[in-house]
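Please keep the sequence and the structure in view as you read.

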There are 2 protein chains.
Amino acid sequence: MQKQRIAIIGAGPSGLAALRAFESAERAGAAIPEIVCYEKQDDWGGQWNYSWRTGIDQYGEPVHSSMYRNLWSNAPKEALEFAEYTFDKHFGRPISSYPPREVLWDYIDGRLRSSNARDKVQFATAARWVQYNEATDTFTVTVEDLKTRTTSSSEFDRVIVATGHFAYPNVPSFEGIETFPGSVEHAHDFRGAEMLADKRVLMIGSSYSAEDIGVQAYKMGARSVTLSYRSKALGHDWPQGMEELPLVQRIEGNSVHFINGEVREFDSIVMCTGYIHKYPFLPSQLAIDSPNNVYPSGLYRGVVWQENPKLYYLGAQDQWFTFNMFDAQAWYVRDLILGRTALPSVQDRAAHIESWSKRFSELSCVDDEVRFQADYIRDLIENSDYPMFDLDSVVEIFIAWQRDKAENVLTYRDKQYRSVMTGTMSARHHTPWMRELDDSLQRYLSQPEKDEIAKMLDDEDVTESIRAN
Amino acid sequence: MQKQRIAIIGAGPSGLAALRAFESAERAGAAIPEIVCYEKQDDWGGQWNYSWRTGIDQYGEPVHSSMYRNLWSNAPKEALEFAEYTFDKHFGRPISSYPPREVLWDYIDGRLRSSNARDKVQFATAARWVQYNEATDTFTVTVEDLKTRTTSSSEFDRVIVATGHFAYPNVPSFEGIETFPGSVEHAHDFRGAEMLADKRVLMIGSSYSAEDIGVQAYKMGARSVTLSYRSKALGHDWPQGMEELPLVQRIEGNSVHFINGEVREFDSIVMCTGYIHKYPFLPSQLAIDSPNNVYPSGLYRGVVWQENPKLYYLGAQDQWFTFNMFDAQAWYVRDLILGRTALPSVQDRAAHIESWSKRFSELSCVDDEVRFQADYIRDLIENSDYPMFDLDSVVEIFIAWQRDKAENVLTYRDKQYRSVMTGTMSARHHTPWMRELDDSLQRYLSQPEKDEIAKMLDDEDVTESIRAN
């Protein structure tokens with residue numbers, strides 16, 4: 001039998017999980033299929049591969065990453081830790097629970113740095129069109145080498161879609177928005193809050209982007225930060241200068257009218273209005289068409305395209321769990337491909353989907369969603385040799401994290417959590433997050449003099465705002 | 001014989017010219033092919049279909065238009081007038097030589113408003129993939145209906161690519177650009193200069209976008225405007241507050257170092273660095289791969305794809321002439337498709353390309369390029385029934401226009417030109433461009449009271465800056 005050929009589209013955290021899953025089987029002596037991973041960026045890491053670019057990139061492609069310069073993890077790293085490549089293993093010593101972006105990129109890169117995974121990735125290569133051929137039960141994948149501007153097609157037995165779903169912004173319109181003279185950008189194009197200093201900033205949205213970019217704007221000296229919610233306020237104990245208002249009704253120049261009758265003037269608008277599932281390289285028969293939720297329809301075990309089970313998705317769920325969930329998915333998909341685990345019949349898959357959909361439809365609060373996702377991951381890990389980990393304790397971490405944020409959204413990143421993988425307690429970071437203006441890996445891993453920290457904490461106005469909350 | 005099927009991709013000025021060309025033949029009693037025009041925006045007009053959006057649009061597609069709120073034509077309308085639908089005919093009275101964007105959209109829309117052209121356009125539909133089938137000598141065109149997110153494919157005998165080449169920005173990088181804390185955007189994403197008031201603005205580039213956006217920023221009160229050129233300064237007699245410097249060497253925070261050793265601080269960077277030919281829906285065998293110039297390679301008579309003469313491009317040239325050039329191209333392509341004019345053999349086409357390429361390679365100045373393009377259009381019109389017009393006089397208009405700008409870049413839009421189509425002298429506009437802050441069609445076509453204008457002209461500081469130049 002000819003060797004199977006597998007296409008992986010995307011080398012972000014999900015695509016890298018797939019590469020790692022196959023590499024791990026290969027290291028253990030298994031024969032693995034021929035793998036080609038297409039990545040449109042020049043390096044791997046997906047969202048974590050930061051770029052100063054916005055809109056359209058150097059090749060004319062939509063910029064993938066929604067990362068901004070100063071982003072720090074907004075949930076404890078203990079909730080995303082790989083079960084088979086721990087933070088202790090990578091850094092050799094405890095680090096804090098909320099690392100900045102470069103540190104997280106280093107962690108996911110580190111797992112594959114010394115493997116042969118990079119040889120399987122064609123960088124600067126965009127998927128253009130995927131076609132399923134009934135006669136041969138194969139896929140023709142057409143890609144463009146963005147550096148030579150050459151398109152080419154090849155045949156694959158299976159396709160793993162790992163392009164993520166936080167790359168194409170959802171950008172609603174509001175009456176009169178075309179009259180707003182200040183900057184209007186989606187969180188996807190937000191690259192740093194320095195330019196928001198002294199500005200009156202409106203964040204449209206009340207989910208993670210709004211909260212995090214809002215706090216970042218506050219940290220960088222915005223004159224005011226207003227978050228506009230559609231259904232429910234976050235309700236944090238906001239510092240002075242931050243507030244929540246309901247939905248925008250209309251915009252007239254710099255004036256924004258809210259549905260409760262309030263009117264405010266703004267200099268800048270950041271749309272934190274989420275992302276859409278978008279797969280411009282897939283025919284609609286193969287493409288997810290779902291809102292962003294923890295159980296998008298059409299997928300068996302959240303990864304197998306029910307209509308064509310040789311097509312897989314990784315990371316297509318809304319995410320509480322991230323890196324370790326992608327691993328659980330990738331290991332399971334790998335085992336399906338290697339024939340180590342059997343794909344149930346179409347009816348059995350439908351029944352499985354039906355039962356999980358029912359449970360999904362009954363979720364009534366955030367904690368329920370987290371538990372649902374933990375159970376979902378457990379179900380996957382039980383079907384592969386990925387190391388099982390204490391999912392219930394991770395659920396507790398998520399619950400505690402939300403409590404921390406509600407208490408003080410400016411200081412929650414200074415809290416410490418214990419790894420469920422190693423039992424290691426995270427380090428206390430040398431500098432409170434609100435005082436740290438250097439987000440680099442180098443600074444993060446450095447040991448600044450005690451005097452420097454003390455001096456920083458003496459600076460009253462910022463310290464006050466931290467303590468006040 | 002079955003009716004031919006023609007796909008037109010894009011309903012901007014070029015695609016509309018193609019629709020008009022066929023409509024004009026149909027009105028004259030000819031049988032025309034079945035035409036389907038795919039337009040990814042919700043309305044036609046291409047670049048002239050202004051949107052407040054930047055980056056990615058409401059459907060997850062790259063925003064097409066590079067238009068900004070306050071854009072006025074930057075060349076006399078007498079140079080772009082349709083030979084078979086004049087400004088006099090559309091507006092019923094003389095208007096000024098430099099209308100704002102809404103007025104120009106109205107003009108191109110007006111030509112087709114009462115025709116059946118709109119029935120042939122599928123709006124909110126993006127071309128996904130075009131495949132040429134050797135066996136049947138047809139093209140399979142796959143598109144996505146962006147509203148229903150449904151993909152579908154159909155067969156066509158010919159394909160006209162009219163997607164333009166000012167939609168995908170060329171965005172170079174500069175050492176240290178990731179450390180710049182202010183806004184960095186390409187002209188493609190520039191929507192208005194209000195937010196540049198009091199800012200120190202760097203325009204990277206020295207072509208039309210840099211000149212026009214730079215002047216717009218000046219008009220809106222930028223603290224300073226610096227244009228950075230690669231090869232040659234524009235050399236205008238700039239007003240105080242505007243200057244030209246050579247290429248950027250590196251960026252360090254807000255400080256920008258130029259290759260001549262100068263260093264300046266900036267708050268905002270606008271990249272006016274041009275656009276790339278980009279056709280993500282075409283295999284590379286069918287796609288133009290050329291810099292932006294007046295004679296892109298691979299095209300016979302600038303419109304017929306030499307490698308596959310059933311594929312056409314409209315408007316693929318760098319443009320002095322615009323709307324009337326697209327007409328000349330569309331009429332010629334129409335006549336090829338209708339069999340009214342014969343396509344020469346591949347060798348004869350190659351010889352024609354060779355001779356024009358040679359002439360193109362010998363062009364040594366801007367005026368040469370304008371004359372080259374005039375001759376190119378003449379060659380097209382001589383091969384169809386599009387009304388010939390006085391191309392030499394239009395060349396003179398272009399030359400005079402450049403002189404006007406060099407004399408005073410703030411007032412050149414107040415100059416008047418005579419139509420070569422109707423002989424009509426343009427109107428003197430009611431308000432000098434530098435004083436006009438309302439760019440709407442309504443305001444443009446209104447007759448403000450004399451007092452209002454006089455009062456406006458009394459406002460000394462602006463008037464001074466106009467007179468000073």
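In chain A, the C-alpha centres of domain 1 and domain 2 lie 32 Å apart. The assignment places residues 5–167 together with 275–399 in domain 1 of chain A, and residues 177–271 in domain 2 of chain A, where the bounds come from an automatic or database domain assignment. This is a predicted model, in which local features need pLDDT of at least 70 and side-chain atom pairs count only at pLDDT 80 or more, while totals for chains, interfaces and linings use all residues. Residues are numbered from 1 along each chain as its sequence is written, chains are lettered from A and ligands numbered from 1 in the order in which they are written, and side-chain values use heavy atoms, with hydrogens and water left out.

**Between the two domains of chain A**

- In chain A, 19 residues of domain 1 are in contact with 14 residues of domain 2, contact meaning heavy atoms within 4.5 Å.
- The area buried between domain 1 and domain 2 of chain A is about 1,300 Å², with 42% of it given by carbon and sulfur atoms; buried area is the accessible area (1.4 Å probe) that two parts lose on being put together, summed over both.
- Across this interface between domain 1 and domain 2 of chain A there is 1 salt bridge, a term for a side-chain nitrogen of Lys or Arg within 4 Å of a carboxyl oxygen of Asp or Glu.
- The interface of domain 1 and domain 2 of chain A also holds 12 residue pairs in polar contact, with both residues at pLDDT 80 or more; a polar contact is a pair of N or O atoms within 3.5 Å, where within protein one must be able to donate a hydrogen and the other to accept it, and residues adjacent in sequence count only if both atoms are side-chain atoms.
- On the side of domain 1 of chain A that touches domain 2 of chain A, the residues divide into 9 nonpolar, 8 polar and 2 charged, where Ala, Val, Leu, Ile, Met, Phe, Trp, Tyr, Cys and Pro count as nonpolar, Asp, Glu, Lys and Arg as charged, and the others, Gly among them, as polar.

**Between chain A and chain B**

- The contact between the chains takes 46 residues from chain B and 46 residues from chain A, and together the two chains bury about 3,600 Å², 53% of it on carbon and sulfur atoms.
- Between chain B and chain A the count is 4 salt bridges, and there are also 14 residue pairs in polar contact, both residues being at pLDDT 80 or more.
- Strands β4 (125–133), β6 (150–156) and β8 (183–186) of chain B each supply at least two residues of the side that touches chain A; helices (H or I, at least four residues) and strands (E, at least two) are DSSP runs, numbered from the N terminus.
- The residues on the side of chain B that touches chain A comprise 21 nonpolar, 13 polar and 12 charged.
- One salt bridge pairs A:Arg149 with B:Asp289, their closest N and O atoms being 2.9 Å apart.
- Another salt bridge brings together the side chains of A:Asp289 and B:Arg149, at 2.9 Å from N to O.
- The pair of A:Asp289 and B:Arg149 crosses from the loop between β17 (275–276) and β18 (299–300) of chain A to the loop between β5 (138–145) and β6 of chain B.

**Salt bridges within a chain**

- Over all chains, the count comes to 66 salt bridges.
- The side chains of A:Arg5 and A:Glu34 meet in a salt bridge of 3.3 Å, which links strand β1 (residues 5–9) to strand β2 (residues 34–38) of chain A across 29 residues.
- In chain B, the side chains of B:Arg413 and B:Asp212 meet in a salt bridge of 2.6 Å, joining the loop between α8 (391–407) and α9 (441–445) to helix α4 (residues 208–219), with the two residues 201 residues apart.
- Both B:Arg413 and B:Asp212 are buried, where buried means under 20% relative accessible area, exposed over 50%, and partly exposed in between (1.4 Å probe, protein chains only).

**Around B:Asn324**

- B:Asn324 lies in helix α5 (residues 323–337) of chain B, and B:Asn324 counts as buried because its relative accessible area is 0%.
- Not counting residues up to four places away in sequence, B:Asn324 touches B:Ala79, B:Leu80, B:Glu81, B:Tyr386, B:Phe389 and B:Met421.
- The backbone oxygen of B:Ala79 lies 3.2 Å from a polar atom of the side chain of B:Asn324.
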